[in-house]
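Please keep the model open while reading these notes, and look up each residue as it comes up. The points are meant to be read in order.

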Amino acid sequence: RTKELEKIKRYDTPRRSPMYYRTNLLIHSHRVYLLISNIMPIATEIYNSELNPEKALTLAIVHDDAEIITGDVSRYDKDRMTQKQLLNHEQREDDAIKYLSTIWPKNINGFSYQELLYHALRKDCLEAQIVSYCDKIDAFCESLHEVRAGNKKFKGTSLDYIKKLKEFPE
């Protein structure tokens, strides 16, 4: 699994080349995990028993596993897809989740692997929403890193993530 995540490069499209500090999904998943780890004491204090910290941390590690099959599709690209393209992409993710669930362990840290991947896709539980937030923060930081290094191609991406992060209170 980790070898497969290492193969998937972030922002790997011609529009995003060059990228001075390109990472992969393994690095990204670990950074999301670290972000979750850092905010968990505050989140647990706010949400009490509604939040399962272990589930959030486990979800952080596997949240992009479907992209092993589908490839990395950026938020920028998803925001510009037609409804038909979005539905097609969601179907590809659904197919990827079903496939991955047949080749890897059914449970991770006591949680159903397939259910975790569906939570990541649908953002249908508190833990998945917190992971999604930290996922966007990491992507925002990646784009800022590029802009700071002089890569003007990522300026619009940074602005897109600011807009997405502002939507989270809703």
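1. The lining of the largest pocket draws at least two residues from each of helix H5 (75–79), helix H6 (83–103), helix H7 (113–122), helix H8 (126–148) and helix H9 (155–167). Of these, H8 gives the most, with seven residues. Please bear in mind throughout that the model is a predicted one.

2. The space in the largest pocket comes to about 770 Å³, and 33 residues line it, with Arg75, Lys78, Lys123, Ser132 and Lys136 lying nearest its centre. When the lining is sorted by residue type, it divides into 14 nonpolar, six polar and 13 charged residues.

3. Serine 132, one of the residues nearest the centre of the largest pocket, belongs to helix H8. Is serine 132 buried or exposed? Its relative accessible area is 8%, and because buried means under 20%, serine 132 counts as buried.

4. Side chains of opposite charge can pair when their charged atoms come close. The count of salt bridges in this model is twelve. One of them joins glutamate 127 and lysine 55, with 3.9 Å from N to O; since glutamate 127 lies in helix H8 and lysine 55 in helix H3 (residues 53–62), the pair ties together parts that are 72 residues apart in sequence. Both partners are buried, glutamate 127 at 5% relative accessibility and lysine 55 at 16%.

5. A second salt bridge, at 3.6 Å from N to O, is formed by the side chains of aspartate 79 and lysine 164. Aspartate 79 is in helix H5 and lysine 164 in helix H9, so this pair ties together parts that are 85 residues apart in sequence. Here aspartate 79 is partly exposed at 35%, whereas lysine 164 counts as buried at 19%.

6. Lysine 164 also forms a salt bridge with glutamate 167, where the closest N and O atoms are 3.4 Å apart. These two residues both lie in helix H9, three residues apart, which is about one turn of the helix. Glutamate 167 counts as partly exposed, at 42% relative accessibility.

7. Finally, on the surface, Ile42, Ile46 and Tyr47 form a nonpolar patch with about 300 Å² of accessible area together. Isoleucine 46 is found in helix H2 (residues 25–47) and counts as exposed, at 55% relative accessibility.

Notes. Residues are numbered from 1 along each chain as its sequence is written. This is a predicted model: local features need pLDDT of at least 70, side-chain atom pairs count only at pLDDT 80 or more; totals for chains, interfaces and linings use all residues. Side-chain values use heavy atoms; hydrogens and water are left out. Patches are made of residues with over 30% relative accessible area and no salt bridge: like charges are joined within 9 Å, nonpolar side chains (Val, Leu, Ile, Met, Phe, Trp, Tyr) within 5 Å. Accessible areas come from the Shrake-Rupley method with a 1.4 Å probe; for residues, only the protein chains shown count as cover. A salt bridge is a side-chain nitrogen of Lys or Arg within 4 Å of a carboxyl oxygen of Asp or Glu. Helices (H or I, at least four residues) and strands (E, at least two) are DSSP runs, numbered from the N terminus. Buried means under 20% relative accessible area, exposed over 50%, partly exposed in between (1.4 Å probe, protein chains only). On a 1 Å grid over the protein atoms alone, a cavity is a set of points where a 1.4 Å probe fits but cannot get out, and a pocket is an open set with protein on both sides within 12 Å along at least five of seven lines; lining residues have an atom within 4 Å of a point. Grid points are joined across faces, edges and corners, and a volume is the space filled by probe spheres set on the points. Ala, Val, Leu, Ile, Met, Phe, Trp, Tyr, Cys and Pro count as nonpolar, Asp, Glu, Lys and Arg as charged, and the others, Gly among them, as polar.
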